[in-house]
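This report walks through a few local features of one protein structure. Please have the sequence and the 3D view open while reading.

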Amino acid sequence: MKSKTRTALILGAAGAAVATALVLDLGHAESAAPARGATPVEPASCGAPAPSHADAKLEHGKLTGALSAGKLARGGGGDLHAEFEIATQAATNAQRPPLDLAFVIDRSGSMSGDRLEHAKSAARGIVEKLGAQDHVALIQYDDAAQVVVSSLVMDDGGRTKMEKAIAALETGGSTNLEAGLELGRHEVERVYVSGEASRVMLLSDGMANVGIIDPKRIADTAREAANHGVRVTSVGIGLDFNEDLMESIAEAGRGNYHYVKSASDLDKTIAGELASVQATVATNVELRLTTSCGAQLAAVHGYESHKDGDATVVPMPDLFGGDDRKLLVSLRVPDATLGETRALHAELVYRDTAGGATHREPIDLGVQLTDDRDAAIASVDQGVMAEVFKLEAAESMRQAAQEYEHGNAGSAAAIIATTQHHIEAKQAAYKLKPAAAAEALGDLDEMDKDTKAYAPGTAQATDVVKATKWKARAMSKK
């Protein structure tokens, strides 16, 4: 998911009230600059108390922040999770911003037949739904990449020209994916205006094997596009593409990643992507996190992040109407002194597409240190711990998928079993309801059954690997 290695460390309990189950070493990646045009909201002083759960009203929804426990046992290690949820209201047609889009379509030899025809059909379906406020470009790539149609307005004439160009696409040679991505990015940048919806839609069924093939450099191209306001969505078709590369492109490009096993499902997948992009209500979205009172931010899970002075900045995908995104972070607070401590200041920064204004909405979260361990356990947040369990399950599913992919079915089963036992033990220790662990345990059980049903190396096993990684990514964000 990241351009840097992610290492999962499952921690033993450091006291009865420790509300942490997983720490990820993410590293930091360069990303978008902080939003401008508004005065930052400074965190309150260290001594002022703060709740363990808080809400902030957004222009089109609500930001909720919650710690995994309202109280911690003194001397227990001070480990906590904080969950942030952004929920937006359904968008109206009047709010729809103009769309700047580039199709970047793989036409290598392996795309011949149904795959290219379905890709063409999906692209035509989108063009038919766009209007004169929107721009579309068409890029094809095989051994090299070419701009088939430069970005143009989707009025009657533009739509006709684009449909003819799409119909004329034919298969060629190898897969120069980065060159296609770079051309698509520049075509969108050429017409993009801040606040509009943007998308490079990259389709491929294979491996990058010509031109720049280093996954990190390809992800950097997507990240650079995102830094300039251009979001990148990747669509992997069939069983032969590099899912880790396609996922890293989407992650760095602050877009979506789709796994499409059957080319016949492309129309539905791309139509769904268009619907969300057209419902964009906020762009330039980032969550800025600052600790206080000696607290330390250990990790950001599921998203790239970078430092900006004392703040950790988490650039996020654009928000669309009816969106629901979750972000989990790990932190550690000093646990030697009894009393309340303000641990974390969060500020969601975004640009409203309807009014064009930049908004900053703050939340402060705090925890109480106590010698009453029963009170600490009773304060554990069931909802946050459900997300912690999902995150742990997602990371273990990734590890198990890698083992399974390399033929180590036994190792995959052991990873799954160990994680299930760990989650069940945490559920019992914190006296959580079964529902808190049900989703995570169910996903692990489903993967366990799949890996035992198919021998590694078969087509069915390859599908399990790709579907599992795709699902694990979604579990870490929602």
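## Basis of the model

This is a predicted model, in which local features need pLDDT of at least 70 and side-chain atom pairs count only at pLDDT 80 or more, while totals for chains, interfaces and linings use all residues. Residues are numbered from 1 along each chain as its sequence is written, and side-chain values use heavy atoms, with hydrogens and water left out.

## Helix α2

Helices (H or I, at least four residues) and strands (E, at least two) are DSSP runs, numbered from the N terminus. Helix α2 takes in the twelve residues 156-167. The expected span of a helix is 1.5 Å times one less than its number of residues.

Buried means under 20% relative accessible area, exposed over 50%, and partly exposed in between (1.4 Å probe, protein chains only). The buried residues of α2 are Gly-158, Arg-159, Met-162, Ala-165 and Ile-166. Seen down the helix axis, these buried residues fall within an arc of 130° (taken from the directions from the axis to the C-beta atoms), so they line one face of α2. On the face turned away from that buried side are the exposed residues Asp-156, Gly-157 and Lys-164. The buried residues are covered by elements including α1 (114-129), β8 (135-141) and β9 (145-153).

## Two single residues

Thr-468 is part of helix α11 (residues 459-475). Thr-468 counts as buried because its relative accessibility is 7%. Apart from neighbours within four places in sequence, Thr-468 is in contact (heavy atoms within 4.5 Å) with Met-397, Ala-401 and Met-447.

Ala-378 belongs to helix α7 (residues 373-378). With 66% relative accessibility, Ala-378 counts as exposed. Along the chain, Ala-378 and Gly-70 are 308 residues apart, and their C-alpha atoms are separated by 8.9 Å.

## A five-stranded sheet

Five strands form an open sheet in the order β3-β4-β6-β18-β14, with antiparallel pairing. Two strands pair if DSSP finds at least two bridges between them. At the edges are β3 (53-58) and β14 (296-301), each pairing on one side only. From one strand to the next, the twist averages 20°, with axes as lines fitted to C-alpha atoms and angles running from 0 to 180 degrees between N-to-C directions.

Strands β14 and β18 (residues 324-332) run antiparallel and are joined by five bridges. Leu-297 stands opposite Leu-331 of β18.
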